[in-house]
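Open the model in your viewer and keep the selection tool at hand. This tour moves from one stop to the next.

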Amino acid sequence: MRRCLRSDQLFDWTEEHGSPLNLLRPRTMRRNVEELNKVAQQRQLDFRVYFARKANKCLGFVDEAIESNFGVDTASENELRQCLQRCVPTKDLICTAAVKSDSLIDLCVQQQVCIAVDNDDELQLIVERASESGKSARIALRLGGFWHRGARLPTRFGFDIDRDRNLPQRLRALPVTVQGIHFHLDGYDAGQRVTALAEAMDWVERLRNAGQPVSFIDMGGGFPMSYLEDGHQWKTFWIQHRRALLGQRDSLTYRGHGLGLSVENQSVVGSPKTYPFFQLPVRGNWLAGALDTEVAGQSIAHRLSAMNVQLRCEPGRSILDGCGMTVARVEFRKQNADGDWLIGLSMNRTQCRTSSDDFLVDPILVQKDQSLKARSHAKPMSGYLVGAYCTESELISLRKMSFPHGVQRGDLLAFPNTAGYFMHFLESRSHQFPLAKNLIVDSHPDPSVQLDLIDE
């Protein structure tokens, strides 16, 4: 990312391919996966990472998965077909789509791709399509409803561990082969993963006793990562934001947006509706903590190994750490009726957003004219980044941004580390705007780019 920001070609790339522009380097993903693999190797654990494709649509990451020998988790028929076209081995694929059509089930059964089965209707459809094809479907049972510290872990996914306890017996006469157990939990609590893993291992034993050759447990995604190096920045922001909501300082957000917080009876209530952009532990250390936790006197890693069960996971964001950024061109500056500066970017808010309220990482200004003469006349400016959709809510970032050296039309703003979910998860073509182009960067020795195959 730093090399791209320093490159004289950055403005040329934006001119040729449009704004916004996604710059990606899939090779960086290998470093993050190797960090997880090392944790498992130290514990002599059979372990496999499956890249969650929904986190980024670019085919460069699929090719990297093939080259670096890790699997791919697909969440739609298009994602699966593209992986098969890129020659990902079927043993390295799993289909976890939340809603599965007949054609997707047919493709999985035909190609013998493992299907994470979520409910009885889905199971019945798989049985029907497998029977018609004369093949046995390969499935992983998705479980939910785990009990953790006396309470249920809420989820909309999976068979209930209590209500569906007779599932192993019901599967005996069906044309399915249960290869594994699957679960996905919201949030980043390692203790909840330990609870789910312990329950999943009990289900492995019950399924094996019922004649199923279960060989893996897939713990899904939710591996935490941190976007910031300085935890003090993160803590200070929320302290000051709470002060602003209480009227103790100027607002930090557009029209006092709470980012999940609000004021009741002169107190701030609620929880932030954003990703925790600073957190510890992350990735490898987080996984190590889960694997080393003891349940009934035995660590999770040791019990998995003793049972000859492979542990799988499906991270997206955390293994895309450092793999890309989004660059947009400044098109205008103006003041609104309140006197606030609005900086218009040639992009829309869906091109750097997930289901969270905001992207809370400072963008990086790249000035088109960096001459001392031009900068000497530039005045400091504070304002809000706004996008191209014709709505009052069309803000790229809800935070007020400060530009000590000003900002001019033609400058570029780079949003760092957006490869995981921010680029593609919600991107929209409203107003018939084209989607952002995706360029794969070869950064050695000098940055050069080519379109990702998803854009060809």
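How many salt bridges does the rule find across the interface of domain 1 and domain 2? Keep that in mind while you set up the view. The model is predicted.

**Stop 1: the domains.** Colour by the domain assignment. Domain 1 covers 2–24 + 322–451, domain 2 covers 27–224 + 278–319, and domain 3 covers 231–270. The C-alpha centres of domain 1 and domain 2 are 36 Å apart. Their contact draws on 13 residues from domain 1 and 11 residues from domain 2.

**Stop 2: the interface.** Show the surface where these two domains meet. Together, domain 1 and domain 2 bury about 1,100 Å², with 61% of that on carbon and sulfur atoms. Now select Cys323, Tyr421 and His424. These residues supply 48% of the area that domain 1 buries against domain 2, more than any other three residues.

**Stop 3: polar links.** Four residue pairs are in polar contact between domain 1 and domain 2. As for the opening question, the rule finds one salt bridge across this interface.

**Stop 4: a salt bridge.** Select Lys57 and Glu427. They form a salt bridge, and their closest N and O atoms are 2.6 Å apart.

**Stop 5: Glu79.** Go to helix H5, residues 77–85, where Glu79 lies. Glu79 is buried, yet has no salt bridge. Which side chain of opposite charge is nearest to Glu79? Select Arg53: it is 5.1 Å away. Next, show the backbone nitrogen of Ala75, which the side chain of Glu79 reaches at 2.7 Å. Finish with the surroundings. Leaving out residues up to four places away in sequence, Glu79 touches Arg53, Lys54, Asp73 and Thr74.

Definitions and conventions
Residues are numbered from 1 along each chain as its sequence is written. This is a predicted model: local features need pLDDT of at least 70, side-chain atom pairs count only at pLDDT 80 or more; totals for chains, interfaces and linings use all residues. Side-chain values use heavy atoms; hydrogens and water are left out. Helices (H or I, at least four residues) and strands (E, at least two) are DSSP runs, numbered from the N terminus. Buried means under 20% relative accessible area, exposed over 50%, partly exposed in between (1.4 Å probe, protein chains only). Lys and Arg count as positive and Asp and Glu as negative; His and the chain ends are not counted. A salt bridge is a side-chain nitrogen of Lys or Arg within 4 Å of a carboxyl oxygen of Asp or Glu. A polar contact is a pair of N or O atoms within 3.5 Å; within protein, one must be able to donate a hydrogen and the other to accept it, and residues adjacent in sequence count only if both atoms are side-chain atoms. Contact means heavy atoms within 4.5 Å. Domain bounds come from an automatic or database domain assignment. Buried area is the accessible area (1.4 Å probe) that two parts lose on being put together, summed over both.
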